[in-house]
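Here is a short briefing for someone meeting this structure for the first time. Please look over the sequence and the model, then read on.

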Amino acid sequence: MQVSELSKNFYTNRKALKNNTVDSFEYAKAMDSLKKSMADVLNIDADTLSDDFITNNLEKIDGENLYEKYRELISKFENT
């Protein structure tokens, strides 16, 4: 998946996470999509990523300077 596609996915799904409850279908669908997208960028299995990792980093992941932000996140992930 290209970074521009990933950026769109985060923008769309971030809204779903913020506007729905954790136990809703919309939230679960958005979380699954975000994990798959992030896993593609990190070149890892999506099951490796926790919901907390995604929600704790939503504010860092937006359309501006996306590549640099992902490099930062990858670095943090590799150091854990």
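What pLDDT does the chain average, and what share of the residues score at least 70? This is a predicted model. Its chain averages a pLDDT of 80, and 79% of the residues score at least 70. The chain holds four helices and zero strands.

**Confidence**

- Helix H2 has the highest confidence in the chain, at a mean of 89.
- Confidence is lowest in H4, at a mean of 72.
- Where pLDDT is low, the predicted coordinates should not be read in detail.

**Overall layout**

- Read along the sequence, the pattern is α-α-α-α.
- The chain has 80 residues, and buried residues make up 36% of them.
- The accessible surface of the chain is about 5,300 Å². Carbon and sulfur atoms account for 46% of that surface.
- Take the contacts between residues at least 6 apart in sequence: 49% of them join residues at least 24 apart.

**The largest nonpolar core**

- This core has 18 residues.
- Seven members touch the most other members: Phe 10, Leu 17, Leu 34, Met 38, Leu 49, Ile 54 and Leu 58.
- Helices H1 (3-19), H2 (25-42), H3 (51-56) and H4 (66-78) are the elements that each give two or more residues to the core.
- H2 gives the most, with seven residues.

**Helix H2**

- H2 has 18 residues, which should span 26 Å at 1.5 Å a residue. Its end C-alpha atoms are 26 Å apart, so the model agrees with that expectation.
- The buried residues of H2 are Tyr 27, Ala 30, Met 31, Leu 34, Lys 35, Ser 37, Met 38, Ala 39 and Leu 42.
- An α-helix has 3.6 residues a turn, so residues three or four places apart point the same way.
- Asn 43 follows H2, and its phi is positive, near 60°.

**Met 38**

- Met 38 sits in helix H2.
- Is Met 38 buried or exposed? Met 38 counts as buried because its relative accessibility is 0%.
- Met 38 and Ile 74 are 36 residues apart along the chain. Their C-alpha atoms are separated by 9.8 Å.

**Salt bridges**

- How many salt bridges does the structure hold? It holds two.
- Side chains of opposite charge can pair when their charged atoms come close.
- Lys 36 has 46% relative accessibility, so it counts as partly exposed. Asp 32 also counts as partly exposed, at 38% relative accessibility.
- Asp 51 forms a salt bridge with Lys 35, where the closest N and O atoms are 2.5 Å apart.
- Asp 51 lies in helix H3 and Lys 35 in helix H2, so this pair ties together parts that are 16 residues apart in sequence.
- Lys 35 counts as buried because its relative accessibility is 16%, under the 20% cut-off.
- Asp 51, at 35% relative accessibility, counts as partly exposed.

How values were computed:
Residues numbered from 1 in each chain as written. Heavy atoms only, no water. Core = buried A, V, L, I, M, F, W, Y, C linked by side-chain atoms within 4.5 Å. Buried < 20%, exposed > 50% of the residue type's maximum accessible area, 1.4 Å probe, protein only. Salt bridge = Lys/Arg side-chain N within 4 Å of Asp/Glu carboxyl O. pLDDT = per-residue confidence, 0-100. Contact = heavy atoms within 4.5 Å. Areas by Shrake-Rupley, 256 points an atom, 1.4 Å probe, with all protein chains shown as cover. Expected span 1.5 Å × (residues − 1).
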